[in-house]
Structures are given as structure tokens and as C-alpha cells.
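Visitor: I have a structure to look over with you. Can we go through it piece by piece?

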Amino acid sequence: MAAGFVATISPYPVNYIWYIVSCAAYCATVYLLLHQYRPQVERTFPRVVPAFHKLLKVHLTIWTFYPIIWILSPAGLNFLNISVETMFVTLLDIASKVGFGFLSLQTMSEIEKARQKAKTASSLVVFR
């Protein structure tokens, strides 16, 4: 995020260098999520894998739009005017913070319900 901010306030052509730095940092984050954290979750917490995959897909989808919006903005290739860029960034911010927050809470609630259901089912087996 810091490199993206510096890209926005830097003059041409330095802004593209910072844009590339920010994209590289994002790619490193995606790599870690997909190739390090996902296998670790799959091994360690097999019951939450579907929930993790759902949250991961939503997270990656939303966050991939930020560099796309930047490159299309006036700071990048200037295909979007500042009002349209602001609208898209605002919508992305709402989706990535509020929407993802609600999705995370809903997912946590689903995991808790499944855990309670499994706990109840296992206690019923003991009493049979």
C-alpha cells in the first residue's frame, strides 16, 4: 500500500517504478497465501479448508482490482477520470473492509455451528 501511495504522488516515470514495486509486493503476498499459508491450513485445520478457500478467493479477487484501477487512473494510463477512479476505489474499500469483515464473521459463525454440531454428534455416539 505504501508503494502504491508513493506511485500516486511521484512524477512520471518514477511513478511506474513504484507501481511495479507495489505489484511485486502484491504478487509476493499472493504467493505466500497460495503456496505457503494455504497448504499449511489444509494440513493443520482440515475442517476449515472450505471456509479458508472461500475467504481466500474473495480476498484475492477484491485486492487484484486495486492495481488494475491504479494503472487505469490518471496517475497511470489515464483511461479513467479522477471521479470514476475515486468511485471504484471507494467501492473496493467498502467491499474489502466492510464486506470482507461481514463475510469473515459469517464464515466464523458457520464454523462454530459445524463445530457444535460435530460435538453434539460425538456426544450422542458416546451415549448409544
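Guide: A contact here means heavy atoms within 4.5 Å. Among contacts in the protein between residues at least 6 apart in sequence, 53% join residues at least 24 apart. The model is predicted: local features need pLDDT of at least 70, side-chain atom pairs count only at pLDDT 80 or more, and totals for chains, interfaces and linings use all residues. Residues are numbered from 1 along each chain as its sequence is written, and side-chain values use heavy atoms, with hydrogens and water left out.

Visitor: How many helices and strands does the protein have?

Guide: Four helices and zero strands, in the order α-α-α-α along the sequence. Helices (H or I, at least four residues) and strands (E, at least two) are DSSP runs, numbered from the N terminus.

Visitor: What does the C-alpha trace span?

Guide: About 75 × 30 × 20 Å along the principal axes.

Visitor: Switching to aromatics. How many pairs are there in the whole structure?

Guide: Four. Rings of Phe, Tyr and Trp (its six-membered ring) pair if their centres lie within 6.5 Å; planes under 30 degrees apart are stacked, over 60 edge-to-face, the rest tilted. One of the pairs is Tyr-12 with Tyr-16, which is edge-to-face because the planes are at 90 degrees, with centres 5.7 Å apart.

Visitor: Tyr-12, buried or exposed?

Guide: Exposed, at 64% relative accessibility. Tyr-16 is partly exposed at 21%. Buried means under 20% relative accessible area, exposed over 50%, partly exposed in between (1.4 Å probe, protein chains only).

Visitor: And how are the rings of Tyr-19 and Trp-70 arranged?

Guide: Their centres are 4.6 Å apart and their planes at 15 degrees, so that pair is stacked. Tyr-19 is in helix α2 and Trp-70 in helix α3, 51 residues apart. Tyr-19 is buried at 15%, and Trp-70 is buried at 9%. Ring pairs link Tyr-12, Tyr-16, Tyr-19 and Trp-70 into a cluster.

Visitor: How much of the protein is buried?

Guide: Buried residues make up 23% of the 128.
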